[in-house]
Amino acid sequence: ARGTIVSQSEDKKVSSGYWSCTPGEFDWEFTWDECVHILAGEVTITEEGGSSYTLRANDTAQFPLGLKTHWHVTKEIKKFFVVRTPEPLEL
């Protein structure tokens, strides 16, 4: 996986950028609020507790702070993201 931040608010609590990941699986706990727009690829996300959904190109999703998930990337994924962090996100 790799990503880059392209903009940040003055207080560094809101950031946006691009992220990509090759096929594979991993667990992820959100330490921020995140809104994503999928540009390419496919991923199935399973939330702790069992809810599962698949995101593909042109899908948009919102993930709240503290959400625990399992990601299964089936086709290399590329997304645009906006995150809001509780503390300034230092680069």
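Reply: S20 lies in strand β2, where strands are DSSP runs of E with at least two residues and helices are runs of H or I with at least four, numbered from the N terminus. The model is a predicted one, in which local features need pLDDT of at least 70 and side-chain atom pairs count only at pLDDT 80 or more, while totals for chains, interfaces and linings use all residues. Residues are numbered from 1 along each chain as its sequence is written, and side-chain values use heavy atoms, with hydrogens and water left out.

Strand β2 covers residues 14–21 and also holds Y18. S20 counts as buried because its relative accessibility is 11%, buried meaning under 20% relative accessible area, exposed over 50% and partly exposed in between, with a 1.4 Å probe and protein chains only. Leaving aside neighbours within four places in sequence, S20 is in contact with A1, R2, I77 and K78, a contact being heavy atoms within 4.5 Å. Y18, by contrast, has a relative accessible area of 41% and is therefore partly exposed. Together with V6 and L39, Y18 forms a nonpolar patch on the surface, with about 280 Å² of accessible area in total; such areas come from the Shrake-Rupley method with a 1.4 Å probe, and for residues only the protein chains shown count as cover. Patches are made of residues with over 30% relative accessible area and no salt bridge, like charges being joined within 9 Å and nonpolar side chains (Val, Leu, Ile, Met, Phe, Trp, Tyr) within 5 Å; a salt bridge is a side-chain nitrogen of Lys or Arg within 4 Å of a carboxyl oxygen of Asp or Glu.

The whole structure contains nine aromatic pairs, meaning rings of Phe, Tyr and Trp (its six-membered ring) with centres within 6.5 Å, where planes under 30 degrees apart count as stacked, over 60 as edge-to-face and the rest as tilted. Ring pairs join W19 and W71 with F26, W28, F30, W32 and F63 into a cluster.

Around this part, the protein chain has seven strands and zero helices, and buried residues make up 30% of its 91 residues.
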